[in-house]
Amino acid sequence: MNDDHPAGMLEALKAEHRQLDERIQLLCAEPTGDQLELARLKRRKLMLRDRIQLIVDSNIPDIIA
């Protein structure tokens, strides 16, 4: 049961990351796009990327070669 939680959380974060990417692309396409909103969305997207990477890294065991 605990193994499904990180996988489900990872998928949810990836889905939100994709949605933010789509919103950023739409906002960039608008000639009068709100730059403050764009910066906020990009910051959120970077934060999500970092959280996704933390989850992925935590699932990979450390192997000392």
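This is a predicted model: local features need pLDDT of at least 70, side-chain atom pairs count only at pLDDT 80 or more; totals for chains, interfaces and linings use all residues.

Colleague: Which residues make up the largest nonpolar core?

Modeller: There are 10 residues in that core: Leu10, Leu13, Leu20, Ile24, Leu27, Leu38, Leu41, Leu48, Ile52 and Ile55.

Colleague: And which helices supply them?

Modeller: Helix H1 (4-29) and helix H2 (35-59), with at least two core residues from each.

Colleague: What is Leu27 in contact with, leaving aside neighbours within four places in sequence?

Modeller: Leu27 is in contact with Gly33, Asp34, Glu37, Leu38 and Leu41.

Colleague: OK, switching to charges. How many salt bridges does a search of the whole structure find?

Modeller: Five. One of them pairs the side chains of Arg44 and Glu16, at 2.6 Å from N to O. Arg44 sits in helix H2 and Glu16 in helix H1, so this pair ties together parts 28 residues apart in sequence.

Colleague: Is Arg44 buried or partly exposed?

Modeller: Partly exposed, at 28% relative accessible area. Glu16 is also partly exposed, with 27% relative accessibility.

Colleague: What about Arg23, which side chain does that one meet?

Modeller: Arg23 forms a salt bridge with Glu37, 3.4 Å from N to O. That pair links distant parts of the chain, 14 residues apart, with Arg23 in helix H1 and Glu37 in helix H2.

Colleague: And Asp50, what is its partner?

Modeller: Arg49, at 3.9 Å from N to O. Separately, salt bridges with shared partners join Arg23, Glu37 and Arg40 into one network.

How values were computed
Residues are numbered from 1 along each chain as its sequence is written. Side-chain values use heavy atoms; hydrogens and water are left out. A nonpolar core is a set of buried Ala, Val, Leu, Ile, Met, Phe, Trp, Tyr and Cys residues joined through side-chain atoms within 4.5 Å. Buried means under 20% relative accessible area, exposed over 50%, partly exposed in between (1.4 Å probe, protein chains only). Helices (H or I, at least four residues) and strands (E, at least two) are DSSP runs, numbered from the N terminus. Contact means heavy atoms within 4.5 Å. A salt bridge is a side-chain nitrogen of Lys or Arg within 4 Å of a carboxyl oxygen of Asp or Glu.
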